[in-house]
Amino acid sequence: MNEPLDCRAVLDGIADAVIATDAQARIVYLNDAAQRLLGWSGHELLGAPVSALVLPRQRGQARAAFNALLETGPPELAVNLCAMHHDGHDLLLEVRLSRVRAADQVLVVGVLRESGGALTQLSSTRCAMAAHAAVTQALIEARSVESALPDVLQAITTTLGWTAAVFWAARDEDGEPNTLEPLATWSLPGIDLGRWLRETLDARPAPGECLAGIAWQERSLQWTSDVTREPRYRRASAAQANSLRSVLAFPVLGPGQGVVGVLEFLSTRAEQPDLALSQTMAALGFQLAQFVERMRHADQLRDSQEWFVTTLRSIGDAVIATDDQGQVVLVNPVAEALTGWTQDEARGHHLDEVFRIVDETTRLPIESPVARVLREHQVVTLANHTVLLARDGHEHVIEDSAAPILGDDQRFRGVVLCFRDSTDKARIETERRALLEREQAARADAEQQREHFRELLVQAPLAISLHDASDLRYTFVNPRGLQLVEGREVLGLRPEEAFPELPAHISDGLRRAAQGHTTSASEVHMRLRSERDGTATDRYFDIVAQPLRDSRGQVESVMIVALEVTDRALARQRIQKAERQARLLADAVPVIAWTCDADGNTDSFNALWFEYTDSPPGTLEPDACNLHVHPDDLPSYLERWTHALATGQPFRHELRLLRARDRAYRWHLTRVVPLHDEHGHVSRWVGSATDFDDRKRAEEHMRFLAEASAVLGSSLSYQDTLKSVARLAVPRLADWCSIHLVGIDGDNPGTPHQLVVAHRDPEKVRFAELLDEKYPPDPAAQYGVPNVLRTGKPEIMPDIPEGLFEATAVDDEHLRIMRELNIRSGMCLPLVARHRILGAITLVTSESGRRYDEADVAAAQELAERAAHAIDNARLYHEANEAIRIRDDFLSLASHELKTPLTPLHLHIQALQRSARGLGRELSSERMSEKLDTISRQVTRLENLVDSLLDISRITGRQLHVSCDEADLAELARATAERLTHELERSGSTLDLVTPPTLVGCWDVARLDQILSNLLGNAIKFGAGRPIDLSISRHGELARIVVRDRGIGIATEDQARIFDRFERAVSTRHYGGLGLGLWIVRQVVEALDGRIQVESELGQGSTFTVDLPLDARRATGHPAASDTPPEARS
Amino acid sequence: MSEARRGPVLVVDDDADVRFGLVEILADEGFEVASAVHGAEALELLRAGLQPALILLDLRMPVMDGEAFCERWREDEALARLPVVIISADANAVERARRCGATGILEKPVDLDVLLNTVEKYARRT
């Protein structure tokens, strides 16, 4: 099964220690390195305030830095802080703090680095507390001072980081301090202190001697950080031999301020003391002193108990005890009453003074039984009729006896003397009083114990309550508990009554405790309403319910101990929320991510992977790579993986991943990064794949378009460049690419033809060309090239619609072929420039499986646009070139035609000049006249030429003015023929003129003459000397002019263009003239709203037919009409 | 003038005004003159036995233009000895004449003195 993606794996892999806190400075994250550095585990610290890690005296500084960071300060700060290691030693750290805004919260991330070794100041509260705890533990378990001391020394030494320790006991003699005696020593295991230890055990420093002696005398802590420079330290050389450098000695002061002893600690480091350490040591010393004192009392008590046991043997009697010298040490109340001596008065006096006895009858002193016991160390039985002489003069008849006091060692310690008033009344009274005292003592004792227990409950830093075992009613709540319940009255209530919020399982647990089972629950959530201000807050408690039993083992009551852990729980919840957020983030980022084990086996994916590949969430496909990576990209990717696994190096790789949604391979940038364990070995790999297909393809498209543009711009032979572009598009934009062009012929779109079809496989190209020949596109087709050429709108088919082929196939064979092409996706775009459809480009995918999307369409449109402009440019260029060529030809022709009549003009004028000057031959007047005629004719010819040129400029400038006058066309025709007689003669042609007598219309005479002259002139020019016919006739409202020659004729393909400007069917080399004649004729005819057409056959001659309306004014929309004033029309 | 020979000057030009003008002027100056409308007609005259002292040849003519005539002229050893002077209004007349291998070139409109000087080099007056 897929594991949740470990989003923190990377952070955990960082070598620096990293701690993150929330805005409340609670630790929400710490990585492995931080845990190693600080010695604390994650679960110990998560949720804890970060200040717990900082030494108390530095907390202010840390808080200031933290607040500065949270506010508007710089996003980063560096501070040096002293932190506490888990084992108590201090760490001086360089901390780089940075503020991070994550989702809706602010985090502070600290990167910690140890700046040096452990600090010398052992001053932290933490250490002190640890030391206290350890010492307390040692003291609790100890039975005597002697047995406790090694444990105490060990506890202090280890918790405060010392190396060795000595306890010096203070010995008094005659009430005066005398010597210090080494009572116990302890040193770190594995350290042999040898000579120092021997010297220590032999030492007996007096007050003021040695550091310990000085501490004893001065009753203050004494210190040296370097024993070699401390003359007061006697065992310096021995200490130095064991590398012990620092020494600390402080007095252990008893409750009565008497010095119990001195503690001496040594360290191999050069430690420096501070106030906190002094306080800690003083407190520890006090703790120890109390213990010593208690033990001493316990010893005394034990001794007195021995006395007491012996005394009990004669309970109810008066008892006096002496030491082994017969000095009174104890006088019991009965004895006090009988003797009249109080104990205090009697103590130190010899027994004989206190216990004065005489014989009842003789009144003579008799020997005290004590004297015999002292002497004989044996019990002396009661003597009869002895009279005790009390101090106050009373006399009591007594019975007495004495016994020796022997210790455990059978040593004689003293004598106990028992005696009683032999009167019954006195005895009974004495016994009653003794019983009463015992009872009172027992009661006081019990009271004291109860008081201790209550103190414990009251002072415990936990909320504690006691409950009646029968119905769990509150019987006691300690102050901490009262704090917790926030003013609720709970005593006498059952828990459910006091806390309606109490979860059911806790109630059950309490009932089970009442039945004798200890139950516990952690982080119990309760929404508690404060009785004080009514606000409800979410709080969490660790709860233990403990049954308390009476002496018979019956459950008497239940103790509930509750510890509020709200901070911890909330912090944990925040962490969990943050982790959920992180996971959410990992799933939300637009990046596919996965993790692998050290061997590269994938063990988890994020959500995007499953969405992208459409595989069931949580599954791990064993062959995910083969299934989803493009086959062309797989080998190089696996190779990179192999290399990475061998070297432990990260890598990046670009590859295509199959997207399930549209079965499209999309480009991804993958990054695979190793994570290392604490030993530096690769423990895991984290992989990510970013979809940059759009960018990648945009780049490819740009590159492709740039190349295509370069190709298109490389030559003006657009047909060749378009072929190159089509080949360039395969396979980068398509598997198939074809370009169709529309032949441009004036404004009429010609038949489209396929210029090029491109495919990787030349065989397929040939196949496609044959297909195009066999099944040429139907111009009326609703799909494909014809449709696009017709409508000018692109046809985009990301998926080929169902039934498209069936709808477009010509026959079954065609359908079969189209299906075999296996077309996946296609688009057909018009090539449009300056609003003219020049052709279409078709892009189709098949074997690549590629599906066109918007980016592809955009690229294709760009390509189509550039191709269209290239075509347009090339065509414009050719047109412009052609226009220039024609213009140059015309200029050359015009120059030729102007120079030609100038030649005879020039020659004849010069001949006349020569003659006039008397040079050369004299000219006859007839000759001269002929020459002048020729000159005149050349001038006319030049005039005509100039008029033609002017006509051109008028026509092209739309300034051809047509006037309208009554005129007879027949007469005009005859006049023109007459005028051209000379030309006809020289050409050798004859003219057959057929006209009606008159044909009157409303015409521009000059223009009609122009028409007739040009047509007739052409017939003469190209008539090859053969007969020419000119006929004029009327057809309804039209006049018809027909000019026929039998000359060279005009080829069919040239007939359309002979009316164009500067055009002629024959080479300009062979025939004179500007080539403007027919063009001017056509312009004039059209200005007169007429029509001109030609029929001709090469070598057989030409027939030009002109139809003109009889009244040019009836024609509409031509310049003549518009030039005529309205009143002139009717 | 040593090269000047006897024989007519053959004027070949399709433009009647030019042709007649040249013929008339040269005749007036005492030269024997023959004329043809285009290259083909000129060739016919030559093959018919005309022995001109000089051929004045227009370039732009129907049927056979000046260049086509020159090709034949160069190919025919007998004809090639005849001097051919191009007389043309063409803008590129000089270049075209050179390519034709013509003996000389006169650009239209030609100056009468220049024309006579040129003709006198090859033809003797009668």
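**Entry 1: the fold of chain B**

Helices here are DSSP runs of H or I with at least four residues, strands are runs of E with at least two, and both are numbered from the N terminus. With that settled, I read chain B along its sequence and wrote down the pattern β-α-β-α-β-α-α-β-α-β-α. My tally for chain B is 6 helices and 5 strands. A reminder to myself before going on: this is a predicted model.

I then looked up how chain B is packed. Of its 126 residues, 60% are buried. Taking the contacts in chain B with a separation of 6 or more, I found that 65% join residues 24 or more positions apart.

**Entry 2: where the chains meet**

Next I turned to the contact between the two chains.

The rule gives 9 salt bridges across the interface of chain A and chain B. One of them that I looked up pairs B:Asp15 with A:Arg941, and their closest N and O atoms lie 2.3 Å apart. For polar contact, the interface has 12 residue pairs, both partners at pLDDT 80 or more.

**Entry 3: B:Asp17**

I picked out B:Asp17, which sits in helix α1 (residues 16-28) of chain B. Buried or exposed? Its relative accessible area is 3%, and the cut-off for buried is under 20%, so B:Asp17 counts as buried.

What does B:Asp17 touch, once residues up to four places away in sequence are set aside? My list reads A:Pro904, A:Arg937, A:Gln938, A:Arg941 and A:Arg986. With A:Arg937 there is also a polar contact, side chain to side chain, at 3.1 Å. I was pleased to meet A:Arg941 again, as it is the salt-bridge partner of B:Asp15.

**Entry 4: two buried residues in chain A**

Back to helix α29 of chain A, where I looked up A:Ala864. A:Ala864 has 3% relative accessibility and is therefore buried. Leaving out neighbours within four places in sequence, I listed its contacts as A:Leu829, A:Pro830, A:Leu831 and A:Ile841. I also checked A:Gly839, which is 25 residues from A:Ala864 along the chain; their C-alpha atoms are 9.4 Å apart.

My last stop was A:Ser246, in strand β9 (residues 246-253) of chain A. A:Ser246 is buried as well, because its relative accessibility is 0%. How far apart in space are A:Ser246 and A:Trp162, C-alpha to C-alpha? I noted 9.2 Å, for a pair 84 residues apart in sequence.

Terms used: Residues numbered from 1 in each chain as written. Chains lettered and ligands numbered in written order. Predicted model: local features only at pLDDT ≥ 70, side-chain atom pairs only at ≥ 80, totals over all residues. Heavy atoms only, no water. Salt bridge = Lys/Arg side-chain N within 4 Å of Asp/Glu carboxyl O. Polar contact = N/O pair within 3.5 Å; in protein donor to acceptor, adjacent residues only side chain to side chain. Buried < 20%, exposed > 50% of the residue type's maximum accessible area, 1.4 Å probe, protein only. Contact = heavy atoms within 4.5 Å.
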